[in-house]
Amino acid sequence: MSRHPLRSWLFAGALVGSLGFGCTDPEEPFPTLDELEKLQGLHSPARRPPVDPTNKYGDDPLAASLGTKLFNDPGLSSCGTVSCKSCHDARGGSVDTPKALGCNGAQTGRNPPTVLGSGYSTWFMWDGRADRLWNQALLPLLSPIEMASTPEILRGRLTATYAAEYKTVFGKLPSEETDEQLLANFGKAIAAYERTLNRNEAPFDQDVIRFLAAVEQGKAEQDPAYLGLKTFVRKGQCILCHKGTMLSDDQFHNIGVKDVSGGQRGVAAAADAMLTWTFNSAGPYSDAPAGLESNRLLRLGNDLRQKATELEGAYKTPTLRNVELSGPYMHTGDVATLEDVVELYNKGGEPTGNFAGVVSTSIAPLNLADEEKKALVQLLKSMTGAVK
Ligand code: HEC
Ligand code: HEC
């Protein structure tokens, strides 16, 4: 708190506001101390994501250079036409359609998220079926509806095109590796590249910095970002889940998105396989010291048993950085625009019966006024980073 000394009226407000999130009196001057702390957590992230102890090549520039080529290479797919880039454009976009097309015209079940800033997450895929960035890359490579590849195709391509580079990074030729080691190294090179895809410095960050200064001067209400931030933090409760530097808690919630995929259960269905996966972050291909990652997995395992209802139909909170570029929205890709997203939250999710599982207790009708909705959409749009 010491960076932002506050006026006494704020302290007075904080006593009332600190009863808990959602209990803040709507008439209370914004922000209370509690809310201020949340706002301070939104600052723009460091240029490099935190070190991933499970991938010792994660910050190796040679691995990243190999990973760049692999990310863009359709020769790794069985059909010869699909690369990671087909569905994720490195400038932040993904496909504009709800679903994406893989080999032989097969269609993905979900909407491709942005890969920008993916180095900051620890769970991947909407349902969390990968627990580190490098092991995520194996799923689309091997998925019959994406790149439909095999270890043989991977070995052939690496040998024909990248043998020398591969050996420089990993110390062996592709032909000398086991299938599993080859797959793990492929993922680690791709992840080293993805960790460089950050587009974080957005107008939003400048707005938050300026707003915090205005709070100190007792001029919060005059600041142009006042209504957007107030709605995001207080009435909309968005910051409950979209928090911290990446505007995501990296957790799973059911927000009542319309079920258009036959009752899929989200993380509740995906986690068991991930927890026993050879390539998970506690497995033999992880570079982390033994035990370091297992707590994280154990916690999810416990949650699956103890919070089964909460995790039924729950999906990962996506980052909101660059969100304007990744539409259409939600795991279903069924919500077309940011205006529609705000409407969905405003009605407290779809009516019961239209989504799988039980909606999170934090999701309720918001009764937003038109200007609050507009301010929220404007705030979301301000989260698009500048191209480096
Ligand atoms: C045919 C389209 C397609 C291809 C090809 C593809 N992806 Fe994806 N990607 C998707 C979809 C769809 C999802 C969401 C899947 C889900 O959650 O069920 C996704 C999810 C991801 C995520 C998770 C992001 C997050 O925040 O959870 C990452 C990272 C990613 N892909 C990277 C890659 C890489 C690396 C490759 C190449 C090895 C690749 N993708 C190839 C469509 C594709
Ligand atoms: C209880 C946690 C929670 C709260 C509160 C919450 N969100 Fe979300 N948000 C999520 C989750 C989880 C998803 C993905 C849901 C899915 O696809 O099923 C999501 C998805 C989104 C998306 C779509 C992003 C994309 O790339 O598809 C936007 C935009 C968004 N939220 C904005 C907001 C706004 C604005 C608010 C406040 C009005 C808010 N959220 C409140 C958890 C939350």
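Author: Before we start, buried means under 20% relative accessible area, exposed means over 50%, and partly exposed is in between (1.4 Å probe, protein chains only). This is a predicted model, where local features need pLDDT of at least 70, side-chain atom pairs count only at pLDDT 80 or more, and totals for chains, interfaces and linings use all residues. Residues are numbered from 1 along each chain as its sequence is written, chains are lettered from A and ligands numbered from 1 in the order in which they are written, and side-chain values use heavy atoms, with hydrogens and water left out.

Reader: Ok! How many disulfides are there?

Author: There is one disulfide, meaning a pair of cysteine sulfur atoms within 2.5 Å. Cys79 and Cys103 form the link, with 1.9 Å from S to S.

Reader: And where in the chain do those two sit?

Author: In distant parts, 24 residues apart. Cys79 is in the loop between helix H3 (61–71) and helix H4 (84–87), while Cys103 is in the loop between H4 and helix H5 (133–136). Helices here are DSSP runs (H or I, at least four residues), numbered from the N terminus.

Reader: Which hand does the link have?

Author: Left-handed, with -70° about the S-S bond.

Reader: Is Cys79 buried, exposed or partly exposed?

Author: Cys79 is partly exposed, because its relative accessibility is 25%. Cys103 has 1%, so that one is buried.

Reader: New topic: which residues are buried in helix H2?

Author: In H2 (residues 33–40), they are Leu33, Glu35, Leu36, Leu39 and Gln40. They line one face of the helix, because they fall within an arc of 155° seen down its axis. That arc is taken from the directions from the helix axis to the C-beta atoms.
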